[in-house]
Amino acid sequence: MRDVISALSRAARNLFEPRILAVVLLPMLGSLVLWTLLAWLFWDAWTGGITGAVGSTTVAGWLKGWGAAWVIDSAAGLLVVIAILPAIFVTALIITEIVAMPIIVKFIGERYYAGLKRETGGTLAGSVRNASIGISVFAVLWIVTLPLWLTGIGAVLAPLLTSAYLNQRIFRYDALAEHASREEFARITRASRGDLFLLGILVSPLLYVPVVNLLVPVLSGLAFTHFCLARLARDRGK
């Protein structure tokens with residue numbers, strides 16, 4: 001727990017470093033701009049596709065009979081929004097992984113762990129594979145847990161836990177890829193599984209805080225890099 005809090009504290013301070021400030025807003029703003037543009041271009045096609053898919057169902061026929069066809073259109077719009085929200089989050093993480101993580105890992109490695117030998121156990125192919133698996137599992141979890149959104153508390157816990165999973169899945173690999181060997185990566189992630197997930201849980205609620213959420217992808221990258229490199233240094237006895 002102490003290592004998790006320490007990683008978050010250092011990450012928050014590093015947000016104001018010049019090298020980090022240069023990229024801190026890019027992931028979330030880039031994702032928002034992209035999905036706003038896509039929604040503007042394809043909103044009618046997306047909502048129309050959903051409306052057409054459900055239009056022949058018994059419930060749709062009943063609603064039309066009562067003059068409440070607007071409910072179908074409203075539900076279609078809501079479903080599109082529900083689909084876009086995780087897409088914005090995932091896209092921001094991907095931008096962070098591609099653009100910000102190389103800068104973050106270099107910055108933290110040079111400033112805090114200059115003596116830590118680079119074993120380069122990670123690869124670009126490994127990063128792509130790890131991200132693909134993480135995003136696929138996240139998508140399945142998001143769909144499976146959608147009914148929980150109707151339970152009140154589930155609407156809070158479901159996105160929190162699924163976001164925490166994806167955060168730790170993506171960032172733990174990139175944080176260690178340059179410095180750890182494959183054996184060290186496996187050992188550290190296995191031994192730190194609970195703390196990694198806890199760190200993901202602590203940063204995920206910030207995604208739902210206006211303005212602050214613009215900083216969250218890079219803050220997460222910083223926090224996971226601090227945590228993982230600290231554990232690697234401890235594993236090597238340094």
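**Figure 1. The lining of the largest pocket is divided by class into 11 nonpolar, three polar and three charged residues.** Ala, Val, Leu, Ile, Met, Phe, Trp, Tyr, Cys and Pro count as nonpolar, Asp, Glu, Lys and Arg as charged, and the others, Gly among them, as polar. The model is predicted: local features need pLDDT of at least 70, side-chain atom pairs count only at pLDDT 80 or more, and totals for chains, interfaces and linings use all residues. Residues are numbered from 1 along each chain as its sequence is written, and side-chain values use heavy atoms, with hydrogens and water left out. The largest pocket holds about 350 Å³ of space. A pocket is an open set of points on a 1 Å grid over the protein atoms alone, where a 1.4 Å probe fits, with protein on both sides within 12 Å along at least five of seven lines; lining residues have an atom within 4 Å of a point. Its volume is the space filled by probe spheres set on the points, which are joined across faces, edges and corners. There are 17 lining residues, and Glu97, Thr123, Leu124, Ser127 and Asp174 are the closest to the pocket centre. Helices H5 (70–112), H6 (124–144) and H7 (153–176) each give two or more residues to this lining. H5 supplies the largest share, six residues.

**Figure 2. The second largest pocket holds about 300 Å³ of space.** Of its 16 lining residues, Leu85, Ile88, Phe89, Leu207 and Tyr208 are the closest to the centre. Two or more residues each come from helix H3 (26–54), H5, H6 and H7. H5 again has the largest share of the lining, here four residues. The classes are 14 nonpolar, two polar and no charged residues.

**Figure 3. The largest nonpolar core has 56 residues.** Such a core is a set of buried Ala, Val, Leu, Ile, Met, Phe, Trp, Tyr and Cys residues joined through side-chain atoms within 4.5 Å. Ile104, Leu166, Leu176, Val218 and Leu222 touch the most other members. Helix H1 (2–14), H3, H5, H6, H7, helix H8 (182–191), helix H9 (193–203) and helix H10 (216–235) each supply at least two core residues. H5 gives the largest share, 15 residues. The protein chain has 10 helices and zero strands (DSSP runs numbered from the N terminus: H or I, at least four residues, for helices; E, at least two, for strands). Of its 238 residues, 45% count as buried (buried is under 20% relative accessible area, exposed over 50%, partly exposed in between; 1.4 Å probe, protein chains only).

**Figure 4. Threonine 47 lies in helix H3.** Threonine 47 is buried, at 12% relative accessible area. A polar atom of its side chain lies 2.8 Å from the backbone oxygen of tryptophan 43. The threonine 47 side chain also reaches the backbone oxygen of aspartate 44, at 3.3 Å.

**Figure 5. Trp35, Phe42 and Trp46 form one aromatic cluster.** The structure holds six aromatic pairs. Rings of Phe, Tyr and Trp (its six-membered ring) pair if their centres lie within 6.5 Å; planes under 30 degrees apart count as stacked, over 60 as edge-to-face and the rest as tilted.

Figure 6. Threonine 120 counts as exposed, at 52% relative accessibility.

**Figure 7. Valine 211 is found in the loop between H9 and H10.** Phi of valine 211 is near 75°, a positive value in a residue other than glycine. Valine 211 is exposed, with a relative accessible area of 63%.

Technical notes. Polar contact = N/O pair within 3.5 Å; in protein donor to acceptor, adjacent residues only side chain to side chain.
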